[in-house]
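Here is a short report on one protein model. Keep the structure open as you read.

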Amino acid sequence: MRKISCVILLVCMMLSISTAFSACGNKKDSDLGQTEPGTQKNEQDKDSLKEQKKPLDSLSFPITDKPLKLTWWGENGAHKYHESLDDFVIYKKLQEITGIDIEFIHPPLGQGDEQFSLLIASGEYPDLIMFNFLNKYPGGIEKAIEDKVIISLNDLINNYSPNLRDYLKSNEELAKVVRTNDGLYYCYPSLLPDPTTRSYIGPFVREDWLEELNIEKPHTIDEWYRAMVKIKESGKSEFPLSFLYSLLRTDVFAGAYDVGLNFYMRDGKVYYGPLQPQFKDFISTIRKWYAEGLIDPDFATFDRKTYEAKVLKEENVLFVDYLSRIAQFTSGIKSNNPDSACELSPINYPVLKRGEKAMLGHFTPAFRPFVSIYITTANKYPEESAMMLDYAYSEEGNMLFNFGVEGQTYNMVNGFPTYTKDIADPETGKINIAGQASISGPFKTDPRFFVQQLILDQQKQAIRLWSDTDVLEHQLPPISPTAEDSKEFANIYGEIETYVSEMILKFILGQESTDKFDDFVNQIKSMGIDRVIEIKQTALDSFNSR
C-alpha cells in the first residue's frame, strides 16, 4: 500500500512538472488575456498597488499621489539638442500627468555599449533600461530574463497596460515580433506600424544638371555608370557620386545583384551575402567606380558635416541619403547660391535590367528594440511602471509622444495635428527636436508626424520609388536564438563581421584585388560562418512557428 501511495505521489509530481513546463513553453499572445493579476510580482516588490480584481480596462491619472521616483537608464539619441531626456517636453509632461518622477541616467556619448556591460556586471540595475537587449545582451532576451536582469511582462501588460495589451491583441504580426519563441513579452516597444514611415533612405540626383547634359535618370547599374562618366567628362562634377560609407549598408547597390551585405532570406532559407558569387560582381562594380574617380574619394572617411559641406558647394550630382535631405539640400544650395536652379529628384534603387525590382533596399523593421524599454528585477514598482509606460500607447499619449503639447508645439488644423512654425521649418520640413517630441522611444510613430517633413513633391515621390523593392520578401524578422545559441553566435560572428567589413573596404579602395575573392570566402567559412547561418536558420524557423 505504501509503495502504491509513493507511485501515485510520484506520478502526480511528474504531471505537475510536465504541466508547468507545458504552460511555460506554450505561452502565446493569447495569454495576455488569461493571466491572473499579481502573478508577475517581483520578489523585491512592495505592495505598491492594491491587487486588481481584474485587468484594468483604462488608466486613470495621476497613477499615484505619493512620492515615487523611477530610474531610467539609456542613451540620449538627441543629445545635441538637450543633455537629458528630462529636458524634453514629452517627458516633462509624462511625469506631470502620471505623478511619477523619472531620474534619467545617460551614459557618456559613444560609450553606450561599454557602459551597459559595466552596468550589467555591477548587478546594480536601474528600474528601467532603454537598450538593445535583443541583439546585444549576451545570450539574448531569454538569457537576460534567466539571469534575472529583466522580467517578462505578460502579466503586467495584461493587468496594468490596457492600451498596449489591446493593441497587441489586435495586431498579431506586431505582437509576434515583440515576444520570445516561448511567448514571453519582454519590453514596451518602439514601433513603426505604418509602412509609409519605414523607407526613408535612397538615391536621388540633381535633375537640373541631368537635363542640362541631356542625360536620362539612370535606372540600371550600367546607366548609372554611363551617366557618371558623362557628368565627369563634362567638367560639371569631378566626383559625381557622394554618400556616407555607412549608408552603403542599406544595400542600395548590392540589391541590384540579388544579394545583400549581411544576412537575408529567400523562400524561408537564410543566406549570408558576402559568400554569394554575385557579391563579387557588386564589389567589383563599386571598385570600378571608385578607381575611375566617379565616387568622392573621401566617402569612407568623411563625417556628415564634411559630406554635407561638399553637397552645398554643388560638388556632386548623385547621392544616397535620407529623405529629409532632399528638401534640406535644395534649400541650402539655393541659400548659398540664389541663382542655382537646383532640383533634387529621387530615383529607383538601381537594377541590372529595366523592369526588374531590387531585391533589397532600406526598410526599417516595424520594431526597434534599441529604443524600447525593459523593466528590471530591481524595480520595486513594476505595476506603476507598467501603467506609466502604457500611457504612450493611448490616444492621448500618442499625440504627446509624436507631436508634443497642443497649443505649444502643435495645433489641430481641420482635424490634423499640425506643428507650429517654431517646430517645423516651412522651408525644409526639418523638425526642431529641441522644441518638442520627435525622438525615438517606447511609443508608436504616427505617420502624421512623418508626412509633415515631406514639404516637396519629390519627397512624396521618393517614398513610392524607394519602397518599390522586394525587401519585404527577403528581410529577416527580429529573430531571437536560444540563450546558448546567442552566446555561440556572438563568439563566432563578432570576428567575422569585423573581417568582412575591413575586406569590403579594402576591395573597394583597391587595397586588395578582387581576384582574391575566393580566398575571402574561404576565410569566412574557416571562421565558422556555416554554424552562424545554422543558428540564424533555427531562429527563423522558430519565429515562423510562433
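## Helices H12 and H13

How are H12 and H13 oriented to each other? This is a predicted model. In it, helix H12 (residues 304–312) packs against helix H13 (residues 324–336) at an angle of about 55°. Their axes are 9 Å apart. Angles under 35 degrees count as roughly parallel, and the roughly perpendicular range is 65 to 115. H12 and H13 are therefore oblique to each other.

Their crossing is right-handed. H12 brings Arg304, Tyr307, Glu308, Val311 and Leu312 to the contact. H13 brings Arg325, Phe329, Gly332, Ile333 and Asn336. By class, the residues of this contact are five nonpolar, two polar and three charged.

## Helices H19 and H20

Helix H19 (residues 483–509) and helix H20 (residues 517–526) also pack together, at an angle of about 170°. Here the axes are 11 Å apart. Angles over 145 degrees count as roughly antiparallel. H19 and H20 are therefore roughly antiparallel to each other.

On the H19 side, the contact uses Ile496, Tyr499, Val500, Met503 and Phe507. These meet Phe517, Phe520, Gln523 and Ile524 of H20. The contact of H19 with H20 has eight nonpolar residues, one polar residue and no charged residues.

## The five-stranded sheet

What is the strand order in the open sheet? The order is E2-E1-E3-E11-E4, with mixed pairing. Strand E2 (101–105) and strand E4 (188–191) are the edge strands, and each pairs on one side only. From one strand to the next, the twist averages 20°.

Strand E3 (residues 128–130) pairs with strand E11 (residues 367–375) in the antiparallel sense, over three bridges. Met130 stands opposite Ile373 of E11. Two helices lie across strands of the sheet. Helix H2 (residues 89–98) lies across strand E1 (69–74) and E2, and runs at about 145° to E2. Helix H3 (residues 112–122) lies across E1 and E3, and runs at about 130° to E1.

## The E7–E8 hairpin

Strand E7 (residues 263–266) and strand E8 (residues 269–272) run antiparallel and are joined by four bridges. Tyr264 has Tyr271 in E8 as its bridge partner. Two residues lie between the strands of this hairpin. Asp267 takes a positive phi there, near 55°.

## Buried helices H7 and H14

Which residues of helix H7 (residues 162–170) are buried? They are Pro162, Leu164, Arg165, Tyr167 and Leu168. The buried residues of H7 pack against helix H6 (154–160), helix H8 (172–177), E4 and helix H14 (382–390). E4 is an edge strand of the sheet.

H14 itself is mostly covered, with nine of its nine residues buried. Among them are the charged residues Glu383, Glu384 and Asp390. Pro382, Ala386, Met387, Met388 and Leu389 are also buried, as is Ser385.

## Val317, a buried loop residue

Val317 sits in the loop between H12 and strand E9 (318–322). Is Val317 buried or exposed? A residue counts as buried under 20% relative accessible area. Val317 has 0%, so Val317 is buried.

What does Val317 touch, leaving aside its neighbours within four places in sequence? Its contacts are Phe204, Val205, Arg206, Trp209, Leu210, Ile231, Ser237 and Pro240. Val317 and Ala227 are 90 residues apart in sequence. In space, C-alpha to C-alpha, Val317 and Ala227 are 9.9 Å apart.

Key. Residues numbered from 1 in each chain as written. Predicted model: local features only at pLDDT ≥ 70, side-chain atom pairs only at ≥ 80, totals over all residues. Heavy atoms only, no water. Pairing = 2+ DSSP bridges. Axes fitted to C-alpha atoms, helices over the stretch in contact; angles between N-to-C directions. Contact = heavy atoms within 4.5 Å. Left-handed = near helix turned anticlockwise from the far one by under 90°. Buried < 20%, exposed > 50% of the residue type's maximum accessible area, 1.4 Å probe, protein only.
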